[in-house]
Amino acid sequence: MLGFAQAAFGPTALIILAASSPQDRLGRSTALFTAGSATGRSGAMIIGGGLLAVLSWSGWFGSVDPWRVAIILMTLPNLILAWWLWRRIRATGAPTPSRRGLRAAVRHIASTRALALHMGAGVAVILLIQAGAGWAPSVLNRSLHFAPATSAWVAGLVILIAAPAGHLTAGRWLDRNVAGRRRIAPVMTLGAALAVCGAALMASGDQAVLVLPGLSC
């Protein structure tokens, strides 16, 4: 469900960034947005791993699996944030929403080729990222026999280091090359090749699975 929600939000946010950012800083603006998302995801894994370790040690919830309790507790900050945003919107006054509805929006996207390609690619990438990130601790737990809490910490730390480094570097490089009218296809091809290598390593079940979260970032 998180993946589907972000799949709708992510491409839309990128369109707003593209319309509101100076062209010579578009890459960096986009990179800050995407790096922030990945950093938050890794932070949640690290915090969740710590919470899971405390629950496993304390035994407060008896026979209930600690990871089940951790998932429930980790939803509470989201509920608080949603309530706070709702209060802010009501206090500041939100623009009147369009009455045309979701069906009209989907028809508009489908009728505009460039927008449809952007939304389709964005949805596919975000769903894959969310699926990979969500299962990363479980993969480490099963492949390397880490404890559940350790699996969350390791996955979170790998993403915390790799994501900001990769996103911000790519954003700066993109701004420099677009401004200089250089060709970016070779570097994009290299990035895609690295991602395929990461997927192959994950499928192998080897200990090199640790490389995957870094390459996917």
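## The second largest pocket

In this predicted model, 33 residues line the second largest pocket, and Met45, Ile71, Ala133, Gly134 and Pro137 lie nearest its centre. A pocket here is an open set of points on a 1 Å grid, where a 1.4 Å probe fits and protein stands on both sides within 12 Å along at least five of seven lines; lining residues have an atom within 4 Å of a point. The space in this pocket is about 1,300 Å³.

Helices α1 (2–20), α2 (26–58), α3 (66–92), α5 and α6 (148–179) each give at least two lining residues. A helix is a DSSP run (H or I) of at least four residues. The most comes from α5, with 10 residues. By class, the lining has 19 nonpolar, 12 polar and two charged residues.

## Where α4 meets α5

The axes of α4 (residues 101–111) and α5 (residues 113–144) come within 5 Å and cross at roughly 110°. So α4 is roughly perpendicular to α5 (65 to 115 degrees).

On α4, the contact (heavy atoms within 4.5 Å) uses His108, Ile109, Ala110 and Ser111; on α5, Arg113, Leu115, Ala116 and Met119. Five of these residues are nonpolar, two polar and one charged.

## Confidence and conventions

The chain averages a pLDDT of 77, and 85% of residues score at least 70. pLDDT is the predictor's confidence in each residue, from 0 to 100. Helix α8 (residues 211–216) is lowest, at a mean of 53, while α3 is highest, at 84.

Residues are numbered from 1 along each chain as its sequence is written, and side-chain values use heavy atoms, without hydrogens or water. Local features need pLDDT of at least 70 and side-chain atom pairs 80 or more, but totals for chains, interfaces and linings use all residues.

Methods
Axes are lines fitted to C-alpha atoms, for helices over the stretch in contact, and angles run from 0 to 180 degrees between N-to-C directions. Angles under 35 degrees count as roughly parallel, over 145 as roughly antiparallel, 65 to 115 as roughly perpendicular and the rest as oblique. Ala, Val, Leu, Ile, Met, Phe, Trp, Tyr, Cys and Pro count as nonpolar, Asp, Glu, Lys and Arg as charged, and the others, Gly among them, as polar. Grid points are joined across faces, edges and corners, and a volume is the space filled by probe spheres set on the points.
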